Amino acid sequence: MTTNSLTMNPLHGVRRALAGQPAIIVIAALFMALVVAAAIGGEALAPHDPTYQDLGSRLLPPGAQGPEGRYWLGTEALGRDVLSLLIVGARPALVVSIVAVLLAAAVGICTGVGAGYRGGRLADLLLYLSNIQLSFPFFLLAITIVGILRPSVPLVIGVIALGSWVPFARITYSDTTQIKNLEYIEAVHVMRGTTLRILARHILPNVLPNVLVLATFALGTAIVMESGLSFVGLGVPTDTPTWGRMLSEGRDYMQTAWWLTVFPGGCIFLLVLSINVLGEQLRDYSDPKLTRG
């Protein structure tokens, strides 16, 4: 194949990259792409109106034909299409979790890098606070906080971020304490480089690869936490369909309508699994000490 033919086919590189990956990586990437597309498209991609209730079509099995069309994943207790609810529910699952992880990463990076660079009492305070938080069963603490206050999207994001910042702080603290003692950092000190310059140009770029890998695993944990809060009725506002709430509402019909719990539970499981698989792959690429066959 000539060079011109390669440049005329922009998808050739994508196909070649996917062809060289294990099947589980390709499947995980495709499922992630579907969830992202569902989160972006939302109601526009739903085959039925996710808010339309038809009690005459309640609890129809997957593939059943109803007055509004075919319900590929069945209907729930109010006659709403399960597939449409899953598509719309992908948005809060991703948006809430991504924003929470970004907030947790920002707080963790600032505290970890600052404590690692300064050391002393600031480092002791960081380790003391992180040990205290890790000693609590955080999901119970999250239920308490959200239960006392009024559930809302910002509150759920803040609670999840509160439970996710410690790993970011610890890993950036550990990396910073090692990097700041390297010879080229000492050379920058000799050349009277400012603290801001050292942090921005020499320390942050070296800690970000580990932070990026950690963020992928934290995203999976955040999705589970958001689904858990929604399951107990303390997630995003009740007028917003979520996978955790669908799972909670379907538990009363497990004997008669298995699809109400299998499909939302399967979506949560597959999404977290896909994120973890891609995170493992990202870790392999970012760590030069790991050999890849």
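These are my notebook entries from a walk through this predicted model.

**Entry: helix H3.** I began with H3, which covers residues 23-41 and has 19 residues. I looked up its reach from first C-alpha to last and got 27 Å, close to the 27 Å expected at 1.5 Å a residue. Next I asked which of its residues are hidden: Ile25, Val26, Ala28, Phe31, Met32, Val35, Ala38 and Ala39 are buried in H3.

**Entry: the core.** I then turned to the largest nonpolar core, which has 66 residues. Phe168, Ile203, Trp243 and Leu271 have the most contacts inside it. Helix H4 (residues 82-118) gives the most to this core, with 16 residues.

**Entry: H4 against H8.** Phe168 also turns up where H4 meets H8. I checked the axes of H4 and H8 (residues 165-179): they come within 7 Å and cross at roughly 35°. The crossing is right-handed. On the H8 side I listed Trp165, Phe168, Ala169, Thr172, Tyr173, Thr176 and Thr177. By class, this contact has twelve nonpolar, seven polar and no charged residues.

**Entry: Ser130.** Is Ser130 buried or exposed? I found a relative accessible area of 1%; buried means under 20%, so Ser130 is buried. Ser130 sits in helix H5 (residues 120-134). Not counting residues up to four places away in sequence, Ser130 touches Val166 and Arg170.

Definitions and conventions: Residues are numbered from 1 along each chain as its sequence is written. This is a predicted model: local features need pLDDT of at least 70, side-chain atom pairs count only at pLDDT 80 or more; totals for chains, interfaces and linings use all residues. Side-chain values use heavy atoms; hydrogens and water are left out. Helices (H or I, at least four residues) and strands (E, at least two) are DSSP runs, numbered from the N terminus. Buried means under 20% relative accessible area, exposed over 50%, partly exposed in between (1.4 Å probe, protein chains only). Contact means heavy atoms within 4.5 Å. A nonpolar core is a set of buried Ala, Val, Leu, Ile, Met, Phe, Trp, Tyr and Cys residues joined through side-chain atoms within 4.5 Å. The expected span of a helix is 1.5 Å times one less than its number of residues. Axes are lines fitted to C-alpha atoms, for helices over the stretch in contact, and angles run from 0 to 180 degrees between N-to-C directions. A crossing is left-handed if the near helix is turned anticlockwise from the far one by less than a right angle, and right-handed if clockwise. Ala, Val, Leu, Ile, Met, Phe, Trp, Tyr, Cys and Pro count as nonpolar, Asp, Glu, Lys and Arg as charged, and the others, Gly among them, as polar.
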